[in-house]
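Visitor: I am new to protein structures and would like to learn how to read one. Could you walk me through it?

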Amino acid sequence: MQYGEAPRVAFVGDTGTGKSRAMRAVVDGWLARNPGVVLALDKAGASGFVGQRRATVADLALEPMAPEPRAVVFVGDIAAGVDPDPEAVAALAWSLRPRHVGSLVVVDELKWAARGGWWRKGVRWLPQTCGEGRKHGVGILWGSQSPQDAPREAIEEAGVVVVFRLAGLGVRCLAERNYLVGMPDGTLEALPGEESPPDDRGRCVILRRGRPWDGRFFRFP
């Protein structure tokens with residue numbers, strides 16, 4: 001972010017380990033450094049993203065966003081069984097480029113757009129955001145409990161992957177994609193999980209593909 005480029009950051013780990021809190025912290029950092037807008041997807045507002053709430057992109061067209069706060073949170077319609085639509089939000093982000101408005105797309109759950117390593121049918125703008133958004137001012141943060149479900153553009157082209165407690169197939173996926181260089185076996189499995197007291201959770205590692213792990217652990221404020 002300090003270079004004025006759009007970030008591409010993945011947050012992976014078991015439920016309840018601190019992914020959403022970390023994503024909120026990065027959103028705050030982005031807003032402090034960038035004059036653009038945040039377009040977040042947060043089903044029913046359960047993950048606590050702050051902004052002007054709308055159910056869908058169509059609702060935003062009917063009720064355009066006010067100047068502040070510079071964030072819109074798309075919450076879907078839980079009563080109707082409608083999840084937030086990442087593809088529509090990503091398309092909205094790219095539509096802002098002719099007006100020179102930078103944006104940060106925040107997908108709290110990547111499963112709304114991908115499954116089993118493949119994008120869902122009709123998804124086009126999200127892969128473009130993951131693969132080409134950096135140089136066009138369209139950033140993305142995405143979260144998932146299962147990194148093995150993330151398509152190639154999402155996980156291999158992320159600038160960094162922030163990893164919380166993880167085990168099984170998720171660890172194997174990161175190893176196969178060359179994220180766990182130099183990390184001792186069992187490190188991710190030993191991070192605090194849902195069984196730990198809430199104040200003990202949130203410990204994570206920050207990994208870059210093909211680079212040795214630096215041995216450090218982090219917690220976001």
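Guide: Let us go from the overall shape to the sheet, and then to contacts between side chains. Please keep in mind that this is a predicted model.

Visitor: Which bridges join S3 to S4, and in which sense do the two run?

Guide: For any pair of strands, look at the direction and then at the partners. S3 and S4 run parallel and are joined by 3 bridges; glutamine 52 has valine 72 of S4 as its bridge partner. Strand S2 (residues 37–41) also pairs with S4 in the parallel sense, over 4 bridges, and there alanine 40 stands opposite valine 73. Further along, strand S5 (residues 103–107) and strand S8 (residues 138–144) make a parallel pair over 5 bridges, with valine 138 in S8 as the bridge partner of serine 103.

Visitor: What covers strand S4: are its faces buried or exposed?

Guide: Check the side chains on each side of the strand in turn. Strand S4 (residues 71–74) has both faces covered. Ala71 and Val73 are buried on one side, and Val72 and Phe74 are buried on the other.

Visitor: Next, the rings. How many aromatic pairs are there?

Guide: For each pair, read the distance between ring centres and the angle between planes. The count comes to 2 aromatic pairs. Tryptophan 94 and tryptophan 125 form a tilted pair, 6.2 Å centre to centre with 35 degrees between the planes. Tryptophan 94 lies in helix H3 (residues 86–95) and tryptophan 125 in helix H4 (residues 125–136), so this pair ties together parts that are 31 residues apart in sequence. Tryptophan 94 is buried at 12% relative accessibility, while tryptophan 125 is partly exposed at 22%. In the other pair, tryptophan 213 and phenylalanine 217 have ring centres 5.4 Å apart and planes at 75 degrees, so the pair is edge-to-face.

Visitor: Why does tryptophan 213 count as buried?

Guide: Compare the relative accessible area with the cut-off: buried means under 20%. Tryptophan 213 has 15%, so the residue is buried. Phenylalanine 217, with 32%, is partly exposed.

Visitor: Which charged residue lies over the face of phenylalanine 217?

Guide: Here you look for a charge above a ring. Arginine 203 lies over the face of phenylalanine 217, at 4.0 Å from the ring centre. Likewise, the charged end of arginine 124 sits over the ring of tryptophan 125, 4.2 Å from its centre.

Visitor: Last, how many salt bridges are found in the whole structure?

Guide: Look for the side-chain partners, and then ask which parts they join. The search finds 10 salt bridges. One of them joins arginine 134 and glutamate 5, at 2.9 Å from N to O. Arginine 134 lies in helix H4 and glutamate 5 in the segment before strand S1 (8–12), so the pair ties together parts that are 129 residues apart in sequence. Another joins arginine 54 and glutamate 63, with the closest N and O atoms 3.9 Å apart. Arginine 54 is buried at 7% relative accessibility, whereas glutamate 63 is partly exposed at 47%. Salt bridges can also link up: Arg152, Glu153 and Glu157 are linked in a network.

Technical notes:
Residues are numbered from 1 along each chain as its sequence is written. This is a predicted model: local features need pLDDT of at least 70, side-chain atom pairs count only at pLDDT 80 or more; totals for chains, interfaces and linings use all residues. Side-chain values use heavy atoms; hydrogens and water are left out. Two strands pair if DSSP finds at least two bridges between them. Rings of Phe, Tyr and Trp (its six-membered ring) pair if their centres lie within 6.5 Å; planes under 30 degrees apart count as stacked, over 60 as edge-to-face and the rest as tilted. Buried means under 20% relative accessible area, exposed over 50%, partly exposed in between (1.4 Å probe, protein chains only). A charge sits over a ring if NZ of Lys or CZ of Arg is within 6 Å of the ring centre and within 35 degrees of the ring normal. A salt bridge is a side-chain nitrogen of Lys or Arg within 4 Å of a carboxyl oxygen of Asp or Glu.
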